[in-house]
Amino acid sequence: MRTAHSVETVRAAERALMAELPEGALMQRAAAGLAAACADLLPRVYGARVVLLVGSGDNGGDALYAGARLARRGAGVTAVLLAPERTHEGGLRALRSAGAQAVPVDGAAPVVARADLVMDGIVGIGGKGGLRPDAARLVSLVRESGALVVAVDLPSGVEADTGEVLGDAVRADATVTFGTYKPGLLIDPALTYAGAVRLVDIGLSLPPAPDLEALQYADVAALLPEPGASSDKYRRGVVGIAAGSATYPGAAVLAVAGALRGGAGAVRYVGPAADEVLARFPEVLVHAGPPSAAGRVQAWVVGPGIGDDAARVADVLAQDVPVLVDADGLRLADPSVLRGRTAPTVLTPHAGEAAALLGVSRESVESGRLSAVRRLAAEFSATVLLKGSTTLVAPAGGGPVRVNPTGSAWLATAGSGDVLSGLCGALLSAGLGGVDAASVGAYLHGLAGRRAASGAPASASDVAGALPAVWRDVRG
Ligand SMILES: NC(=O)C1=CN([C@@H]2O[C@H](COP(=O)(O)OP(=O)(O)OC[C@H]3O[C@@H](n4cnc5c(N)ncnc54)[C@H](OP(=O)(O)O)[C@@H]3O)[C@@H](O)[C@H]2O)[C@@H](O)CC1
Ligand SMILES: Nc1ncnc2c1ncn2[C@@H]1O[C@H](COP(=O)(O)OP(=O)(O)O)[C@@H](O)[C@H]1O
Ligand SMILES: [K+]
């Protein structure tokens, strides 16, 4: 599991560790890791032209000590000081004694223009808001220079805790972060500013529950349901799909396609697209009448392509089994019924649907995805999977939010959300909890999107078709 911790948590861990160590030891650890990462990125350290952008805090201190290390290895290092009178004193002394020079901001243009590598030590976890005007001007010089940019701890100008970018920010090729990932390094839009992220262990002891976590291959493999000797189709889990309408039969077919690849023992379908579903998937059990009369299921998916069939949504929500609500179902579900359910509920909105549920603009959801998903989970007492370029899953009762690391923009194709809902529903029916079902589903769906596309457009059916192969890859 990859984990990220909030600034407050990092600060507390830093205080505890600093009390045990000689002064400056932590910053030396950070600077050593940073210098090593820069050396790896440069074709050759000796003779390389390195420019440090140095703000007034410890982030600038890290850059100065790392710059001193590179200068001692023969790099030509120049520090650009944004606040010369408030620069980290020890760092500046170290830089000068390594033979490097420092210039004020108005002397930056010629040195930045010739830089091979720029280290961004303007601001780290102490930053608030986008870059200030003098820093922003400096960063636009860097952009014009074409130099390799390495952000110290996080790209200056992004919000560490939320992933928001409130103005100008540094666009880095790589970010060297200390102690733990910061939430903003895993969530867009900030994520797209960070480049390749390298974590440097500086010995912090962090609490076991992070603010954010991302499943890795091994975590997903351990969560995948697997039939055993005593399994039968009912024990493996039966997932019910209440989806589709005369206008949108395809949504039913795609949700079923996802469900059939999600590890359930059987898929039941209820709705007006039974003929279309059976024509494509004869293994599905179809039922007329309300979902509650369809026979036992261990989890329901309701909503994709359902049109205005509020009765079908209400019927599903009244059943005391896990329910995943998607698409039209999100619009039709009664919020008080959602809140009152005792069995797990999973909501899977995209940003537009999330905005409607929260009564805010789509833009505010997109720019503040982490707070939006947490709010939704709290307001509806449900696990919430917020779709988009980085899909987030928040648990109903608070706790770490999961961020999906496998997304692919090729998934932004009509119907791929329907496949996801069926897949997650099947995982729920197989016994996974809401957060695991949603995050494992998103992980597999993202991998399937990449595999189905591999550089060319893929349809939602292709994504569903790629699921068995990615399941095998993950287990292998
Ligand atoms: N925690 C750890 O374990 C370790 C932490 N370490 C390092 O310390 C860093 C944190 O250092 P920090 O606390 O000194 O804050 P930092 O990020 O340098 O920023 C503060 C300065 O920035 C300024 N400023 C604020 N907003 C701004 C903006 N938008 N645009 C421009 N400027 C802005 C603000 O100025 P002021 O408001 O005072 O004018 C203030 O002076 C951390 O990220 C890591 O690199 C490692 O060395 C070792 C282990
Ligand atoms: N830019 C993007 N990068 C990665 N994944 C994306 C992006 N945009 C959308 N997706 C994913 O594509 C799927 C689209 O789902 P959804 O919006 O419900 O579409 P539909 O209703 O047509 O099925 C979701 O899994 C979502 O996370
Ligand atoms: K920085």
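Author: A residue is buried if 20 or more other C-beta atoms lie within 10 Å of its own, exposed if 12 or fewer, and partly exposed in between, with C-beta atoms placed from the backbone. A nonpolar core is a set of buried Ala, Val, Leu, Ile, Met, Phe, Trp, Tyr and Cys residues joined through C-beta atoms within 7 Å. This is a predicted model, in which local features need pLDDT of at least 70, side-chain atom pairs count only at pLDDT 80 or more, and totals for chains, interfaces and linings use all residues. Residues are numbered from 1 along each chain as its sequence is written, while chains are lettered from A and ligands numbered from 1 in the order in which they are written.

Reader: Which residues touch the most other members of the largest nonpolar core?

Author: They are Leu52, Met119, Ile241, Val256 and Ala259, out of 166 residues in that core. Helix H18 (residues 434-453) contributes the most, ten residues; helices are DSSP runs of H or I, at least four residues, numbered from the N terminus. Domain 1 (2-213) and domain 2 (217-475) both supply residues, so the core lies between them; the bounds come from an automatic or database domain assignment.

Reader: How is helix H3 to be read, as enclosed or open?

Author: Of the 15 residues of H3, 14 are buried, so this helix is largely enclosed by the rest of the structure. Just after H3, Gly74 adopts a positive phi of about 100°.

Reader: What kinds of residue form the shell around ligand 2?

Author: The shell divides into six nonpolar (Ala, Val, Leu, Ile, Met, Phe, Trp, Tyr, Cys and Pro), two charged (Asp, Glu, Lys and Arg) and ten polar (the others, Gly among them). Helix H17 (residues 416-429) gives the largest share, four residues.

Terms used:
Helix = DSSP H or I, 4+ residues; strand = E, 2+ residues; numbered from the N terminus.
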